[in-house]
Amino acid sequence: MWSTSPWPRGVLAGWSRSEAIVLKFLARIQPWVGWTALLLLVAGLFLVFHAPPDFQQGLSVRIMYIHVPSAQMALFLYLFLSGASLLFLWKRFSTADVLAEAAAPVGAAFSLVTLATGSIWGKPMWGAWWAWDARLTSMLVLLIIYVGVMAMRHALDEPAKGAKATAILTLIGAVDLPIIHFSVVWWRTLHQPSSFEGKLKPAIAGPLLTPLIVMAVAGLAVAAYLVILKSGNVAAQRQLDILESEGDDHG
């Protein structure tokens, strides 16, 4: 059955049994997650382009359907990254480090999309592309942390030390998550309150809400697919590095 996997052959070689099970599971679900993400994205975009304009924002409200799910995924992926890093430091599971390495660039991409769409929305609504608002600034800090985490992994010559240093930096950077989430509560900001308030009570209603929910679920599926896809590449690259190292030793 492994031959039906979209991942390269030989990726499982060298991993422990439990770690190989995790990687094999990811490889098997990758096509299903990909098709689910595509269908949800198509359905979500259909609903977005048939949603009515907002009485205040007009058609600019459609940016929200990209901006909000992107922001949610940027935060969720960093939470996932922190959990994987903690698991790696605690149990030394290499697959946790693989998932952490895969999640970082995906989370950075969602952060960049969040800032870009927020800037596009802010120009007509606030009259400025950017403001040093608490929510915007803390999200920019998250993007910088993502980039720092990716840079740290490759800054050290020994992969084991790089993985450990990256995991520690990731956990330190997690302090930015509550700041982002509560920034609209702790400070008076230009940014409007969250679209979903406490106990998942929506702050918006009517026909604007359904497309947002579908796009949020689609964003989650897209994020999962990209992390799984990147995990296969990371696992394959690590196996290749090991083979090259063994070849150098025998040479």
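## Two helices side by side

Let's start with a pair of helices: H1 (residues 17-49) and H3 (residues 94-126) pack at an angle of about 35°, and their axes are 9 Å apart. Glu19, Val22, Leu23 and Leu26 of H1 meet Ser94, Thr95 and Leu99 of H3 in this contact (contact means heavy atoms within 4.5 Å). By class, the residues of this contact are four nonpolar, two polar and one charged.

This is a predicted model, in which local features need pLDDT of at least 70 and side-chain atom pairs count only at pLDDT 80 or more, while totals for chains, interfaces and linings use all residues. Residues are numbered from 1 along each chain as its sequence is written, and side-chain values use heavy atoms, with hydrogens and water left out.

## A serine in helix H2

Now find Ser85, which lies in helix H2 (residues 64-91). Is Ser85 buried or exposed? Ser85 is buried, with a relative accessible area of 3% (buried means under 20%, exposed over 50%, with a 1.4 Å probe and protein chains only).

The side chain of Ser85 reaches the backbone oxygen of Leu81 at 2.8 Å. Leaving aside residues up to four places away in sequence, Ser85 touches Ala100, Ala167, Thr170 and Leu171.

## The second largest pocket

The second largest pocket holds about 590 Å³ of space. Its lining has 21 residues, and Asp97, Pro159, Ala160, Arg238 and Asp241 lie nearest the centre.

Which helix gives the largest share of this lining? That is H7, with seven residues. Sorted by class, the lining has eight nonpolar, six polar and seven charged residues.

Methods:
Axes are lines fitted to C-alpha atoms, for helices over the stretch in contact, and angles run from 0 to 180 degrees between N-to-C directions. Helices (H or I, at least four residues) and strands (E, at least two) are DSSP runs, numbered from the N terminus. Ala, Val, Leu, Ile, Met, Phe, Trp, Tyr, Cys and Pro count as nonpolar, Asp, Glu, Lys and Arg as charged, and the others, Gly among them, as polar. A polar contact is a pair of N or O atoms within 3.5 Å; within protein, one must be able to donate a hydrogen and the other to accept it, and residues adjacent in sequence count only if both atoms are side-chain atoms. On a 1 Å grid over the protein atoms alone, a cavity is a set of points where a 1.4 Å probe fits but cannot get out, and a pocket is an open set with protein on both sides within 12 Å along at least five of seven lines; lining residues have an atom within 4 Å of a point. Grid points are joined across faces, edges and corners, and a volume is the space filled by probe spheres set on the points.
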